Amino acid sequence: MANIGRLSSTDAVVFLCDMQEKFRPNIFQFTNIVSNASRLLQACRVLSIPPILTEQYPKGLGPTVPELGAGDLTAYAKTSFTMMTEEVEKALQDLGNPKQAILCGIETHACIACTTYDLLEKGMEVHIVADAVSSRSQTDRLFALSRLKQSGAYLTTTEAVMLQLVQDARHPNFKELSCSSSLPGWTDVQTNNAKLHHAVLEDGGAIL
């Protein structure tokens, strides 16, 4: 049977890539990207899906932005574009080598791309959350997503990931996840998502 990319909460890990202060002014739709990544992180906490957080040269680029809600996580510092450092490899081993990776963060054509290639070469299934990844250039972002899809990654969205992970409105955590989407600020996130999609269409591209 062909692999169709169905996500499972029992065999997944979420990668949170380099959402740091110095990137804030330069990344396309940075606030929206971080908001969506934060929603996914909250959902993964509820569903007991482990997160892995990295920071690119934090001495120069600053810490992870507080609004991600990852202050309790260990941030793996790196200088490589890939997130797959020796420390992260060890963390994956300690988690039992999960088979599925959910990727959020920046930049799509650099660290997200290099991480995706490494994970695919390891035989992992990679799900890139298109509305939770970005670059300084929208052109770089769109072409990177297209290229990564050609390489075998699945492109998805924040909402789609959350729904795939629970599968059923009778899931014991569905109500908790639904309530989290109604928290103050959720309307703003929806508005920002609409703006992101509109900007992509104006650019002559497609978000996926």
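I began with the secondary structure of this predicted model, and I counted eight helices and six strands in the chain. Reading from the N terminus, I noted the order of the elements as β-α-β-α-β-α-β-α-β-α-β-α-α-α.

Next I looked up totals for the chain, which has 208 residues, 47% of them buried. The exposed surface comes to about 10100 Å², and I noted that carbon and sulfur atoms supply 53% of it. Among the contacts with a separation of 6 or more, 80% are between residues 24 or more positions apart.

I then turned to the largest nonpolar core, which holds 29 residues, and found that Leu 68, Ile 102 and Cys 104 touch the most other members. Strand S1 (12-17), helix H1 (30-46), strand S4 (100-106), strand S5 (125-134) and H6 each give this core at least two residues, and H1 makes the largest share with seven.

My last entry concerns helix H6 (residues 158-166), where I found Thr 158, Val 161, Met 162, Leu 165 and Val 166 buried. These residues lie on the same side of H6, because they cover an arc of only 120° around the axis. After H6 comes Gln 167, for which I noted a positive phi, near 70°.

Technical notes
Residues are numbered from 1 along each chain as its sequence is written. This is a predicted model: local features need pLDDT of at least 70, side-chain atom pairs count only at pLDDT 80 or more; totals for chains, interfaces and linings use all residues. Side-chain values use heavy atoms; hydrogens and water are left out. Helices (H or I, at least four residues) and strands (E, at least two) are DSSP runs, numbered from the N terminus. Buried means under 20% relative accessible area, exposed over 50%, partly exposed in between (1.4 Å probe, protein chains only). Contact means heavy atoms within 4.5 Å. Accessible areas come from the Shrake-Rupley method with a 1.4 Å probe; for residues, only the protein chains shown count as cover. The arc is that of the directions from the helix axis to the C-beta atoms. A nonpolar core is a set of buried Ala, Val, Leu, Ile, Met, Phe, Trp, Tyr and Cys residues joined through side-chain atoms within 4.5 Å.
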